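Subject: Structure handover and findings

Hi,

Here is the structure for your files. My notes on it follow below.

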Amino acid sequence: MNTTQHYRKIMQDRLTELENRLHGIDQELDSHQDRDWDDSAIQREDDEVLEGLGHSGQAEIRMIEAALARMDEGEYGFCVRCGDTIQPERLNVLPYTPLCRACAGATARA
């Protein structure tokens with residue numbers, strides 16, 4: 001299996017996992033119908049946590065989809081900012097990263 005196929009499989013598996021998790025979050029949010037005020041307050045707090053998880057999951061899905069599109073375009077593994085090769089060590093940790101280590105560091109400092 002070539003490197004791109006390896007990363008594609010990792011990202012597709014993660015995408016499936018995230019979509020399943022988001023579906024579960026949606027179901028959990030839809031199931032909260034308690035009328036008791038105390039229970040409603042606790043559920044509202046829980047819902048905020050679930051919504052936060054949902055938003056971060058949606059952001060990760062968008063990043064994975066963008067990386068898969070870069071693969072389809074033959075641009076995967078190259079920094080979208082400077083064009084340098086993204087090191088395999090970085091891709092192993094974050095396969096959907098669009099930035100090399102130097103550009104990611106510059107973005108974080110800005």
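Helices are DSSP runs of H or I with at least four residues, strands are DSSP runs of E with at least two, and both are numbered from the N terminus. On that basis, the protein chain has 4 helices and 0 strands. The order from the N terminus is α-α-α-α.

Two notes on provenance. This is a predicted model, in which local features need pLDDT of at least 70, side-chain atom pairs count only at pLDDT 80 or more, and totals for chains, interfaces and linings use all residues. Residues are numbered from 1 along each chain as its sequence is written, and side-chain values use heavy atoms, with hydrogens and water left out.

**Overall numbers**

Accessible areas come from the Shrake-Rupley method with a 1.4 Å probe, and for residues only the protein chains shown count as cover. The protein chain exposes about 7500 Å². Carbon and sulfur atoms supply 50% of that area. Buried means under 20% relative accessible area, exposed means over 50%, and partly exposed is in between (1.4 Å probe, protein chains only). Of the 110 residues in the protein chain, 29% are buried. Contact means heavy atoms within 4.5 Å. Take the contacts with a separation of 6 or more: residues 24 or more positions apart account for 50% of them.

**Salt bridges**

The cut-off here is a side-chain nitrogen of Lys or Arg within 4 Å of a carboxyl oxygen of Asp or Glu. The whole structure has 5 salt bridges.

- Arg 8 and Asp 72 pair at 2.9 Å, N to O. This links distant parts of the chain, with Arg 8 in helix α1 and Asp 72 in helix α2 (residues 37-72), 64 residues apart. Arg 8 is partly exposed at 24%. Asp 72 is exposed at 61%.
- Glu 60 and Arg 14 pair at 2.7 Å, N to O. Glu 60 lies in helix α2 and Arg 14 in helix α1, so this pair ties together parts that are 46 residues apart in sequence. Glu 60 counts as buried because its relative accessibility is 15%. Arg 14 is partly exposed at 22%.
- Arg 21 and Glu 17 pair with their closest N and O atoms 3.5 Å apart. Both residues lie in helix α1, 4 residues apart, about one turn of the helix. Arg 21 is partly exposed at 38%. Glu 17 is partly exposed too, at 40%.

Which residues are linked in a network of salt bridges? They are Arg 14, Glu 17, Arg 21 and Glu 60.

Thr 16 is also in helix α1 (residues 3-31). Its relative accessibility is 44%, so Thr 16 is partly exposed. Thr 16 and Ile 61 are 45 residues apart in sequence, yet their C-alpha atoms are 9.4 Å apart in space.

**Nonpolar core**

A nonpolar core is a set of buried Ala, Val, Leu, Ile, Met, Phe, Trp, Tyr and Cys residues joined through side-chain atoms within 4.5 Å. In soluble globular proteins, nonpolar side chains tend to be buried together. The largest core here has 19 residues. Those touching the most other members are Tyr 7, Met 11, Ile 64, Leu 68, Met 71, Tyr 76 and Cys 79. Helices α1, α2 and α4 (101-109) each give two or more residues to this core. Leaving aside neighbours within four places in sequence, Met 71 is in contact with Thr 4, Tyr 7, Arg 8, Met 11 and Tyr 76.

**Cysteines**

A disulfide is a pair of cysteine sulfur atoms within 2.5 Å. The search finds 0 disulfides. For Cys 79, the nearest cysteine sulfur is that of Cys 103, 3.7 Å away. Cys 79 is buried at 4% relative accessibility. Cys 103 is buried at 10%.

**Thr 97**

Thr 97 sits in the loop between α3 (88-93) and α4. Is Thr 97 buried or exposed? Thr 97 is buried, because its relative accessible area is 3%. Its side chain makes a polar contact of 3.1 Å with that of Arg 90. A polar contact is a pair of N or O atoms within 3.5 Å; within protein, one must be able to donate a hydrogen and the other to accept it, and residues adjacent in sequence count only if both atoms are side-chain atoms. Leaving aside neighbours within four places in sequence, Thr 97 is in contact with Arg 70, Ile 86, Arg 90 and Leu 91.

Best wishes
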